[in-house]
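Take a look at the model below. Keep it open as you read.

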Amino acid sequence: MSSAEQQQQQQLKKATATKDLSLSLLLQRIIARVPGLRAVLVSDKDGVTVERAGDQSVPPSSFVFGVTSEQLAKMPFGKCESIVATREDGSCLIHVNSNPLVITFVADPGTNIGVILSLAHDISRALEPISSAIESVTP
């Protein structure tokens with residue numbers, strides 16, 4: 001990891017050190033409410049994890065959203081709000097833009113993606129203080 005990346009990660013940790021514990025509880029409750037939802041991760045666009053709940057073996061993958069949304073922005077469809085990727089086994093990765101953060105949901109086959117996308121708005125609102133703190137330390 002380069003010194004610039006280490007510095008950014010330290011700034012992110014400082015910015016999120018004051019996060020409300022209710023974010024962790026909110027993520028855990030969402031996982032409990034949505035059948036088939038395995039994990040929820042909140043991270044920056046470089047993949048630095050801010051909070052996570054659920055299956056701890058799921059690796060961060062928010063950097064995928066950044067790269068993909070940059071390419072999609074070149075198309076005449078407007079800003080990319082979310083990306084849903086399905087895997088060969090039917091499981092899904094759902095990335096939702098909550099600038100400067102990305103919310104990633106990992107779901108089993110058959111999980112209701114519409115429910116997950118509607119819950120993303122609630123998580124985005126809960127992330128507003130953290131987003132503001134990150135924006136204040138990010139150049």
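This report covers the sheet, the helices on it and the salt bridges.

## The sheet

This is a predicted model. Five strands form an open sheet. Read across, their order is β2-β1-β5-β4-β3. The pairing is antiparallel. Strands of a sheet pair through backbone hydrogen bonds.

Which strands stand at the edges? They are β2 (49-54) and β3 (82-86). Each has a single partner strand, so one side of each is left without a neighbour in the sheet. Neighbouring strands are turned by 15° against each other on average, direction ignored.

Look at β3 and β4 (residues 92-98). They pair in the antiparallel sense over five bridges. Find isoleucine 83 in the model: it stands opposite histidine 95, which belongs to β4.

## Helices on the sheet

Helix α2 covers residues 22-33. It lies across β1 and β2. Its direction runs at about 35° to β2.

Helix α4 also packs on the sheet. It touches β1, β2, β3, β4 and β5. The direction of α4 makes about 150° with that of β5.

## Salt bridges

How many salt bridges does the structure hold? There are four. One of them joins arginine 38 and aspartate 108, with the closest N and O atoms 3.9 Å apart. This pair links distant parts of the chain, 70 residues apart. Arginine 38 sits in strand β1 (residues 37-44). Aspartate 108 sits in the loop between β5 (101-107) and α4 (113-137). Arginine 38 counts as partly exposed because its relative accessibility is 30%. Aspartate 108 is partly exposed too, at 29%.

Arginine 125 is partly exposed at 45%, and aspartate 122 is partly exposed at 30%. Elsewhere, salt bridges that share partners join Arg38, Asp55 and Asp108 into one network.

## Exposed or partly exposed?

Arginine 87 and aspartate 89 also meet in a salt bridge, at 3.9 Å from N to O. Is arginine 87 buried or exposed? It is exposed, because its relative accessible area is 52% and the cut-off for exposed is over 50%. Aspartate 89 has 48% relative accessibility, so it counts as partly exposed.

Methods. Residues numbered from 1 in each chain as written. Predicted model: local features only at pLDDT ≥ 70, side-chain atom pairs only at ≥ 80, totals over all residues. Heavy atoms only, no water. Salt bridge = Lys/Arg side-chain N within 4 Å of Asp/Glu carboxyl O. Helix = DSSP H or I, 4+ residues; strand = E, 2+ residues; numbered from the N terminus. Buried < 20%, exposed > 50% of the residue type's maximum accessible area, 1.4 Å probe, protein only. Pairing = 2+ DSSP bridges. Axes fitted to C-alpha atoms, helices over the stretch in contact; angles between N-to-C directions. Contact = heavy atoms within 4.5 Å.
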